[in-house]
Amino acid sequence: MMLSVIMIVYNHSKYIEEAIQGVLKQETNFDFEFIISNDCSTDNSDSLIRSIKNENTRCKITYYDQKVNLGMMPNFMFALNAANGKYIALCEGDDYWTDASKLQKQVDFLEQNNEFSICFHNVNLEINNTLKEDNLKKRIPSVFGIEELALKNVIHTPSVVYRNRLFPEFPDYFKNAPIGDYFLHLLNAQYGKIKYIDEVMAVYRIHGTSYWSSKSNAEQDQILITFLNSIKINFEGQIQKIIDLQIDKIAMKHAGFWDKKIKKIKRFFDPKK
């Protein structure tokens with residue numbers, strides 16, 4: 001199987017049809033499987049998924065309706081472990097793809113460039129039902145590596161395609177990680193370069209019911225600091241130091257010192273780079 005699309009779902013009935021249809025409209029010259037894992041939703045996500053699945057003729061859909069709530073990361077790991085594709089594409093149940101050639105473009109690039117482990121693209125943000133261009137993404141270099149990614153996560157979940165099973169097993173902390181996609185990208189980035197395509201091909205939704213968006217900025221920063229301190233042991237010395245820089249950046253932002261310290265760090269988003 002060339003590619004597996006992974007979609008985890010929890011109470012996404014408001015968004016799930018658009019998310020699934022964005023996958024089913026993909027035009028590819030290869031077969032792909034579509035794995036949906038519904039983490040015991042309490043809304044009508046299950047009935048909506050089953051209805052769409054029954055009408056589908058586009059690709060193989062494997063649907064798991066978990067009978068007990070596993071939690072976000074265990075459900076994510078369950079779906080990843082079920083994937084048979086050479087490549088993995090991610091799209092959570094509240095995001096959606098907008099470009100029917102997205103998968104073809106990304107797989108073509110990875111097939112032609114073996115030294116890359118990850119390919120991702122620009123997205124629009126949907127905030128309170130309003131689309132907003134993700135301007136920050138315009139400053140990302142077209143090619144970079146784990147060093148830059150360790151300084152800042154710039155990869156939105158619905159934008160990524162990566163090579164499957166680059167590492168033998170998930171680290172122990174992975175199932176408890178509050179930010180699983182970033183951890184996954186860092187693990188994969190150890191095995192190759194990262195390609196950024198400056199085309200908007202998906203929408204990343206920011207809404208109050210999602211785990212991350214429901215947190216205040218201060219809460220997000222504290223979660224991120226704890227997360228980074230927990231994962232850095234999984235990487236070699238230089239990457240640990242760069243992760244420490246990111247931790248310092250977040251901590252000093254609240255203390256008001258970061259504007260001074262940032263001048264001493266080689267910036268990822270240097271416009272002259």
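Since the model is predicted, local features need pLDDT of at least 70 and side-chain atom pairs count only at pLDDT 80 or more, while totals for chains, interfaces and linings use all residues. Residues are numbered from 1 along each chain as its sequence is written, and side-chain values use heavy atoms, with hydrogens and water left out.

I start with strand β1, residues 3-9. Helices here are DSSP runs of H or I with at least four residues, strands are runs of E with at least two, and both are numbered from the N terminus. Buried means under 20% relative accessible area, exposed means over 50%, and partly exposed is in between, with a 1.4 Å probe and protein chains only. Seven of the seven residues of β1 are buried, so the strand is largely enclosed by the rest of the structure. In a regular strand the side chains alternate between the two faces of the sheet. In β1 both faces are covered, with Leu-3, Val-5, Met-7 and Val-9 on one side and Ser-4, Ile-6 and Ile-8 on the other.

What does β1 pair with? Strands count as paired if DSSP finds at least two bridges between them. β1 runs parallel to strand β2, residues 32-38, over seven bridges, and Val-9 stands opposite Asn-38 in β2. β1 is also parallel to strand β4, residues 87-90, with four bridges; there Val-5 has Ala-89 as its bridge partner. Together with helix α1, residues 16-24, β1 and β2 make a right-handed β-α-β unit. Right-handed means that, with the strands pointing away from the viewer, the path from the first strand over the helix to the second runs clockwise.

Next, the aromatic rings. Rings of Phe, Tyr and Trp (its six-membered ring) pair if their centres lie within 6.5 Å; planes under 30 degrees apart count as stacked, over 60 as edge-to-face and the rest as tilted. The count by this rule is 12 aromatic pairs. In one of them, Phe-120 and Phe-144 have ring centres 6.0 Å apart and planes at 85 degrees, so this pair is edge-to-face. Phe-120 is in strand β6 (residues 116-127) and Phe-144 in strand β8 (residues 143-144), so the pair ties together parts 24 residues apart in sequence. Both residues are buried. Ring pairs also link a cluster that includes Phe-76, Phe-167, Tyr-182, Phe-183 and Phe-235.

Two of those names, Tyr-182 and Phe-183, are among the buried residues of helix α6.

Last, charges. A salt bridge is a side-chain nitrogen of Lys or Arg within 4 Å of a carboxyl oxygen of Asp or Glu. The whole structure has nine. Glu-111 bridges to Lys-86, with the closest N and O atoms 2.6 Å apart. This pair links distant parts of the chain, Glu-111 in helix α4 (residues 102-112) and Lys-86 in the loop between α3 (72-81) and β4, 25 residues apart. Glu-111 is partly exposed at 34% relative accessible area, and Lys-86 is partly exposed at 41%.

Asp-99 and Lys-105 meet at 3.1 Å, N to O. Asp-99 is buried at 17%, whereas Lys-105 is partly exposed at 28%. Salt bridges with shared partners join Asp-46, Arg-50, Asp-65 and Lys-67 into one network.
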